[in-house]
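User: I would like to go through the side-chain interactions in this model. Could we start with how burial is judged?

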Amino acid sequence: MPLPWIQVTPSDDGRISGPLYIALGDSLSAGVGASDYNEKGFVGLVHDALSPEFALLNLGIAGHDSFELIDEGPLERATAEIRERNNDDNPDNDVEVVTFEIGGNDLLDLFFDLVLPGRCPSVTEGLQKPECVQALQETLDAYEPNLDLILDRLREADPELNIFLMTLYNPFSGASPVLDELGELALEGAPDTPFPEGLQDIIRRQAEANDVHLVEVYPHFDGKAREYIAGDTIHPNDTGYRIMADIVIAEIHGAGVVD
């Protein structure tokens with residue numbers, strides 16, 4: 001695994017001029033897995049596709065889950081920047097684009113604590129063990145109010161803000177059948193199980209409830225682990241990040257935010 005807690009902030013911490021693109025998230029926004037975090041991660045690629053006057057504030061921190069994004073500073077920094085810029089007398093310095101992804105580490109905690117040690121090694125065995133069922137249920141139950149709170153605070157900072165909320169991908173799809181099935185259960189749920197809905201259903205529901213743009217990354221990675229995932233088996237490689245960026249860019253253009 002790459003080193004945790006890497007913060008990639010290409011812009012200075014001081015005043016940033018021009019319209020601003022803010023990225024909120026975890027190691028995906030930080031670009032972990034890319035050959036160059038700044039240039040080859042999806043955030044850098046999206047920034048390159050915006051008009052040249054756009055500045056970038058990347059608040060993605062590797063290792064962050066939905067709790068840490070709320071409690072450890074990134075959300076507060078983002079909302080402060082939005083309130084200051086979008087409520088002053090200068091429309092040329094507004095925050096115009098926010099990309100947001102979170103939740104991978106909420107699930108990866110289960111992967112490292114329960115799946116890899118063999119306590120919940122497969123869907124079949126895991127569903128027979130109360131410990132495994134309870135752990136996933138508690139994770140999903142905690143994630144939704146966290147996601148709702150984050151989106152609510154961004155909306156409070158500017159009700160008209162263009163927020164692009166991304167679904168997650170299954171890094172095991174097309175590689176390990178056992179891990180693929182576990183990933184599918186956690187992300188999409190499965191009928192006739194205690195989990196008819198997964199994490200993605202929460203993301204989609206919250207996107208609609210909070211009137212934000214939904215960026216569907218998930219289907220584009222279906223069966224593509226050997227092509228789009230880096231050697232750490234979790235994060236995208238350069239090709240995967242290019243795919244993610246293109247999906248985000250298409251959604252930004254489709255929303256009419258930029259030409």
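Analyst: Buried means under 20% relative accessible area, whereas exposed means over 50%, with partly exposed in between. Please note that this is a predicted model.

User: Understood. Is Phe 111 buried or exposed, then?

Analyst: Phe 111 counts as buried, because its relative accessibility is 10% and the limit for buried is under 20%.

User: Which other residues of α6 are buried?

Analyst: Helix α6 covers residues 104-115, and its buried residues include Asn 105, Asp 106, Leu 107, Leu 108, Leu 110, Leu 114 and Val 115.

User: What do the buried residues of α6 pack against?

Analyst: They pack against four helices: α4 (66-71), α8 (130-157), α9 and α10 (199-209).

User: Back to the rings. How many aromatic pairs are there?

Analyst: The count comes to four aromatic pairs. One of them is Phe 111 with Phe 172, where the ring centres are 5.3 Å apart and the planes lie at 35°, so the pair is tilted. Phe 111 belongs to helix α6 and Phe 172 to the loop between β4 (163-166) and α9, so this pair links distant parts of the chain, 61 residues apart. Phe 172 also counts as buried, at 10% relative accessibility.

User: Which residues form a cluster with that pair?

Analyst: Phe 111, Phe 112 and Phe 172 form one aromatic cluster.

User: And what about Tyr 169 and Phe 221?

Analyst: Tyr 169 and Phe 221 form a stacked aromatic pair, with 4.7 Å from centre to centre and 20° between the planes. Tyr 169 lies in the loop between β4 and α9, and Phe 221 lies in the loop between β5 and α11, so the pair ties together parts that are 52 residues apart in sequence. Both residues are buried.

User: Changing topic: how many disulfides does the search find?

Analyst: A search of the whole structure finds one disulfide. The disulfide joins Cys 120 to Cys 132, with an S to S distance of 1.9 Å. Cys 120 sits in the loop between α6 and α7 (123-126), and Cys 132 sits in helix α8, twelve residues apart.

User: What is the handedness of the link?

Analyst: The link of Cys 120 and Cys 132 is left-handed, with -95° about the S-S bond.

User: Are the two cysteines buried or exposed?

Analyst: Cys 120 counts as buried at 5% relative accessibility, and Cys 132 counts as buried at 9%.

User: Now the charged groups. How many salt bridges are there?

Analyst: The search of the whole structure finds nine salt bridges. Side chains of opposite charge can pair when their charged atoms come close. One of the bridges joins Glu 216 and Arg 204, at 2.7 Å from N to O. Glu 216 lies in the loop between β5 (213-215) and α11 (225-228), Arg 204 lies in helix α10, and the pair links distant parts of the chain, twelve residues apart. Glu 216 is partly exposed, with a relative accessible area of 25%, and Arg 204 is partly exposed with 23%.

User: What else does Glu 188 touch?

Analyst: Not counting residues up to four places away in sequence, Glu 188 touches Pro 196, Glu 197, Gly 198, Gln 200, Asp 201, Arg 204 and Tyr 218. Among these, Glu 197 meets Arg 205 in a salt bridge of 3.0 Å, N to O. Glu 197 is partly exposed at 38% relative accessible area, and Arg 205 is partly exposed at 33%.

User: Finally, how are Arg 242 and Asp 246 placed in α12?

Analyst: Arg 242 and Asp 246 are four residues apart in helix α12 (residues 238-254), so they are separated by about one helical turn. An α-helix has 3.6 residues a turn, so residues three or four places apart point the same way. Arg 242 forms a salt bridge with Asp 246, and the closest N and O atoms are 2.8 Å apart. Arg 242 is partly exposed, with a relative accessible area of 34%, and Asp 246 counts as partly exposed at 38% relative accessibility.

User: Which residues are joined into a network by salt bridges that share partners?

Analyst: Arg 77, Glu 81 and Arg 85 are joined into one network in this way.

Definitions and conventions. Residues are numbered from 1 along each chain as its sequence is written. This is a predicted model: local features need pLDDT of at least 70, side-chain atom pairs count only at pLDDT 80 or more; totals for chains, interfaces and linings use all residues. Side-chain values use heavy atoms; hydrogens and water are left out. Contact means heavy atoms within 4.5 Å. Buried means under 20% relative accessible area, exposed over 50%, partly exposed in between (1.4 Å probe, protein chains only). Helices (H or I, at least four residues) and strands (E, at least two) are DSSP runs, numbered from the N terminus. A salt bridge is a side-chain nitrogen of Lys or Arg within 4 Å of a carboxyl oxygen of Asp or Glu. Rings of Phe, Tyr and Trp (its six-membered ring) pair if their centres lie within 6.5 Å; planes under 30 degrees apart count as stacked, over 60 as edge-to-face and the rest as tilted. A disulfide is a pair of cysteine sulfur atoms within 2.5 Å.
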